[in-house]
Amino acid sequence: DHLDAAGLAQAFPANFLWGTATSAAQIEGAAFEDGKGPSIWDAFCRQPGRINDASNIDIACDHYHRFREDVALMKGMGLDCYRFSLSWPRVQPLGQGAWNEAGFAFYDRLVDALLEAGIQPHATLYHWDLPQALDETIGGWLSRDIVGHFADYAREVARRLGDRLASIATHNEPWCTATLGYETAQFAPGHKSRSESLQVAHHLMLSHGDAIAAMRTVTKTKLGIVLNHTPSFPATPTEADRRAARIDDGLNVRWYMDPIFRGAYPQDAIDFVGADAPQVEAGDLERIRQPLDFLGLNFYTRSLFAADGKTVKGPGKRGFSDMGWEIVPEVFAQHLVRLAREYSPPPMYITENGMANADRVVDGRVPDAQRIAYVHSHLQALATAMSLGADVRGYFYWSMLDNFEWNSGYLKRFGLFHVDYDTQQRVAKDSAHWYRDLISAHRARR
Ligand code: PNW
């Protein structure tokens, strides 16, 4: 059987880590409980037309109240590690000033429950749920003042939780925060301006660097960042299409990798954006380029570009996910090898990889063979990339649970566990059983 979990497990070194990932806004719910302030996503969901099923995140997966059950499900799968994010407005309702002790108490309970279950907690500080108050008072990420506020938040989390966390990542996918939030208006806060998006991206980078420096003063845990890479390919081999793909690579991959690991924005992309380029002050690039302990990489698909910069649907030889995203595991392998060769990054983790599927419970089971095939093929690709020099230490499947998929609301299901949003019942999909078998086969060789 080519989807045999035991055989695949042998391709990974004994100390390789298996996990799943989630984010606060997508699963927690309890949006206005125990002193939590509203986030820009609480507000965005209330704007008509923003979310496909007109839903909100007031309850989501109710993880805030059900985290013990969810940790037990993870323990049952035999996970080594779990990646979650903290909601900034839950622990600091205004994004500056007073801390919310009840909010920190929740993350204390969660982290302690994970440790007790033998699961390493990996935290992300910013997975898109900015305190709404910061957006209203200073203009959110558009203001350079946010850099100091974010560093204060990072230091406080690291001070309180650092010794119990296996790692802390500053940002999840700054490309999404900047581009989808401020250029395409798909994500909160829903602006439409390339110059805003690039200034936001610079503030995100600067806040990353300053947060790393601030956290180093209070914790010894591993610190890094999580980037999403959607490798850019030309739709046809014409010079114009290749140029469009190269520009997108500059705006998506190199715009973030280069300042972090090389101390400069990519010149071709700077030239391309012209007057939309961000204002960069003397010393900023040194502040951004902090030594990191790890690089988190999120990979789902690739993009194909035509001459006008428009994206084109790929041939989908291995199919498409329920998001319409082309399934391209060979691109995953190729891209990891490229990163290893071009940047010599610190140890990498695959902090997200997974697929949405139109899953339904049938006689108490969720048959999701497509997801098993997706994970299997991406893990094979990962093993290939590792044999070619990519230093990858762990894999986090996105996501542990079906959850709030941003613009798609609850219509797209990425989870290893199916969630019935009327009853909040979780049902292990076939892929959860398959993942558990993979982990136990891998453990047998340790
Ligand atoms: C990531 N794109 O989002 C996020 O980190 C998760 O919160 C999310 O649920 C997951 O992937 C699945 O979507 C992305 O348009 C959203 O390129 C959009 C893009 C990439 C990543």
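Let me begin at the ligand: one of its oxygen atoms is 2.8 Å from an N or O atom in the side chain of Glu-352. A polar contact here is a pair of N or O atoms within 3.5 Å; within protein, one must be able to donate a hydrogen and the other to accept it, and residues adjacent in sequence count only if both atoms are side-chain atoms. Before I continue, please note that this is a predicted model, in which local features need pLDDT of at least 70 and side-chain atom pairs count only at pLDDT 80 or more, while totals for chains, interfaces and linings use all residues. Residues are numbered from 1 along each chain as its sequence is written, and side-chain values use heavy atoms, with hydrogens and water left out.

Trp-398 places a polar side-chain atom 3.2 Å from an oxygen atom of the ligand, and for Tyr-300 the corresponding distance is 3.3 Å. Taken alone, the ligand exposes 450 Å², and the protein buries 89% of that; these areas come from the Shrake-Rupley method with a 1.4 Å probe.

Which residues around the ligand are the closest? They are Gln-26, His-127, Glu-352, Glu-405 and Trp-406, in a shell of 16 residues, each with a heavy atom within 4 Å of the molecule. By class, the shell has nine nonpolar, four polar and three charged residues. Helix 9, residues 174-182, gives the most to this shell, with three residues; helices are DSSP runs (H or I) of at least four residues, numbered from the N terminus.

I turn now to the aromatic rings. The whole structure holds 32 aromatic pairs, meaning rings of Phe, Tyr and Trp (its six-membered ring) with centres within 6.5 Å; planes under 30 degrees apart count as stacked, over 60 as edge-to-face and the rest as tilted. Phe-12 and Trp-18 form an edge-to-face pair, 5.1 Å centre to centre with 70° between the planes. Both Phe-12 and Trp-18 are buried, that is, under 20% relative accessible area.

Finally, consider Asp-70, which lies in helix 4, residues 63-77. Is Asp-70 buried or exposed? Asp-70 counts as buried because its relative accessible area is 1%. Its side chain is joined to that of His-63 by a polar contact of 2.8 Å.

Methods. Buried < 20%, exposed > 50% of the residue type's maximum accessible area, 1.4 Å probe, protein only. Helix = DSSP H or I, 4+ residues; strand = E, 2+ residues; numbered from the N terminus. Nonpolar A, V, L, I, M, F, W, Y, C, P; charged D, E, K, R; others polar.
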